[in-house]
Amino acid sequence: MTDILTPKLQVMAWEITRRCNLLCAHCRASSDSCYYEGELSTEECFRLVDGILEVAKPIMILTGGEPLMRPDVFDIARYAVGKGFRVVLGTNGTLITAEIASRLKEVPVSRVGISLDFPVAELQDKFRGKQGAFEAAMAGIASARKAGIEVQINSTVTKMNVFYLNDLLSLALKAGAVAFHPFLLVPTGRGKGLESVELSPQEYEDTLNWIYDRQAELGDRMFFKPTDAPHYLRVLKQRQRGEETGKTGHGAGHGITRGCLAGTGFCFISHRGAVKGCGYLDIEAGNVREQPFSKIWAESPLFCNLRDLSNIKGKCGVCEYKRICGGCRARAYEATGDCLEAEPYCIYKPAAMKNLAGVQDGA
């Protein structure tokens with residue numbers, strides 16, 4: 001079997017603006033409400049949509065910053081939908097009024113992903129850097145649901161809120177959300193300040209098993225997608241086979257195809273047109289102002305390196321789950337300065353390393 005993955009662009013996140021009305025503690029972009037120079041113009045955005053269409057029709061996540069801070073967000077979304085893209089809005093939810101929700105439905109935006117990290121107003125407000133953020137986000141969720149737009153809840157998981165996961169899930173169910181996406185913190189941007197509260201490798205493992213259990217329990221009532229946690233695919237396989245943990249469970253995959261999709265099934269585009277493997281992997285593959293998107297996607301040295309699994313180092317490089325997991329390339333980069341190094345927050349010991357240890361013990 002070849003070690004080179006065939007790229008198929010399935011999902012992309014596009015930071016259409018870096019401006020934001022909040023000051024969230026974990027923000028990879030360190031966004032604030034100031035004006036950021038050099039944002040792609042409306043016409044450049046339209047041309048980019050056309051350029052992406054030359055490669056594929058991925059799910060297009062319009063995000064930020066806060067995408068609703070950009071006045072032409074509805075024009076960009078409408079243009080993309082007109083070209084056949086499924087458009088999703090990644091937002092903090094605080095600006096979604098009944099009128100905004102109605103306009104989003106008219107586009108139509110297929111789903112809004114709204115960030116909630118605490119089920120308690122005081123804690124959410126503190127984490128998001130603005131009093132009233134919790135109530136405004138809950139009102140935004142209600143407005144979106146009333147307008148007939150699917151809602152997805154995104155929660156960045158740290159030591160600060162891991163004990164609230166059951167409460168966050170209950171809140172998501174009560175609010176009528178169709179999906180719950182736990183984001184396992186990658187400390188980049190303002191999130192660097194949260195390194196001390198990043199989950200330990202064992203806590204990551206426990207959280208991923210919690211996700212598996214809740215998905216198995218709830219079935220079609222809620223779709224779980226752990227983000228920045230590629231080793232969930234390894235946990236998924238182990239649980240389905242009853243390996244390692246001794247725990248068993250039943251199907252929880254729901255079409256999740258691979259762990260780390262950076263440069264293979266996913267990419268990120270910044271407000272200035274920089275193309276990256278994901279928003280947390282701070283290495284540019286190219287810029288759409290300098291090269292066509294199709295050329296960057298097909299020929300970028302970064303993407304080519306990420307697609308060749310023989311380049312992955314350390315225990316990830318010899319792991320039997322390498323093809324379905326791959327380790328978080330962003331977390332490896334933040335921890336070591338090398339995006340091809342081993343995932344630093346995975347407790348699993350590959351069979352090849354166990355076998356080698358056994359040989360050495362028997363020598």
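F118, F127 and Y164 form one aromatic cluster. Here, rings of Phe, Tyr and Trp (its six-membered ring) pair if their centres lie within 6.5 Å; planes under 30 degrees apart count as stacked, over 60 as edge-to-face and the rest as tilted. The model is predicted, so local features need pLDDT of at least 70 and side-chain atom pairs count only at pLDDT 80 or more, while totals for chains, interfaces and linings use all residues. Residues are numbered from 1 along each chain as its sequence is written, and side-chain values use heavy atoms, with hydrogens and water left out.

Helices (H or I, at least four residues) and strands (E, at least two) are DSSP runs, numbered from the N terminus. Two strands pair if DSSP finds at least two bridges between them. Strands of a sheet pair through backbone hydrogen bonds, either parallel or antiparallel.

Consider β1 next. Of its 5 residues, 4 are buried, and the strand is mostly covered. Buried means under 20% relative accessible area, exposed over 50%, and partly exposed in between, with a 1.4 Å probe and protein chains only. β1 pairs with β2 in the parallel sense over 5 bridges, and A13 has I61 in β2 as its bridge partner. The chain gets from β1 to β2 through α1, in a right-handed β-α-β crossover. A crossover is right-handed if, with the strands pointing away from the viewer, the path from the first strand over the helix to the second runs clockwise. β1 also pairs with strand β8 (residues 266-269), in the parallel sense and over 4 bridges. There, M12 has C267 in β8 as its bridge partner.

Strand β4 (residues 111-115) comes next. In β4, 5 of the 5 residues are buried, so the strand is largely enclosed by the rest of the structure. In a regular strand the side chains alternate between the two faces of the sheet. Both faces of β4 are covered: R111, G113 and S115 are buried on one side, V112 and I114 on the other. β3 and β4 run parallel and are joined by 4 bridges, with V88 opposite R111 in β4. The chain crosses from β3 to β4 through α3, and this β-α-β crossover is right-handed. β4 also pairs with strand β5 (residues 150-157), in the parallel sense over 5 bridges. R111 stands opposite E150 in β5, and V112 has V151 in β5 as its bridge partner.

Among the helices, α2 (residues 73-82) has V73, F74, I76, A77 and A80 as its buried residues. Seen down the axis of α2, these residues fall within an arc of 160°, so they line one face of the helix. The arc is that of the directions from the helix axis to the C-beta atoms. The buried residues of α2 pack against β1 (11-15), α1 (42-53), β2 (59-63), β3 (87-91) and α3 (98-106). Contact means heavy atoms within 4.5 Å. The charged end of R103 sits over the ring of F74, 3.9 Å from its centre. A charge sits over a ring if NZ of Lys or CZ of Arg is within 6 Å of the ring centre and within 35 degrees of the ring normal. Just after α2, G84 takes a positive phi of about 100°. Elsewhere, R307 lies over the face of W297, at 4.7 Å from the ring centre.

Helix α7 (residues 201-218) contains R214. R214 is buried, with a relative accessible area of 18%. Not counting residues up to four places away in sequence, R214 touches N166, L169 and F224.

The structure holds 9 aromatic pairs. The rings of Y204 and Y345 have their centres 5.3 Å apart and their planes at 55°, so this pair is tilted. Y204 lies in helix α7 and Y345 in the loop between α12 (329-336) and α13 (351-362), so the pair ties together parts that are 141 residues apart in sequence. Y204 is buried, with a relative accessible area of 0%. For Y321 and Y348, the ring centres are 5.5 Å apart and the planes at 75°, so the pair is edge-to-face. This pair links distant parts of the chain, 27 residues apart: Y321 is in the loop between α11 (314-318) and α12, and Y348 in the loop between α12 and α13. Both Y321 and Y348 are buried.
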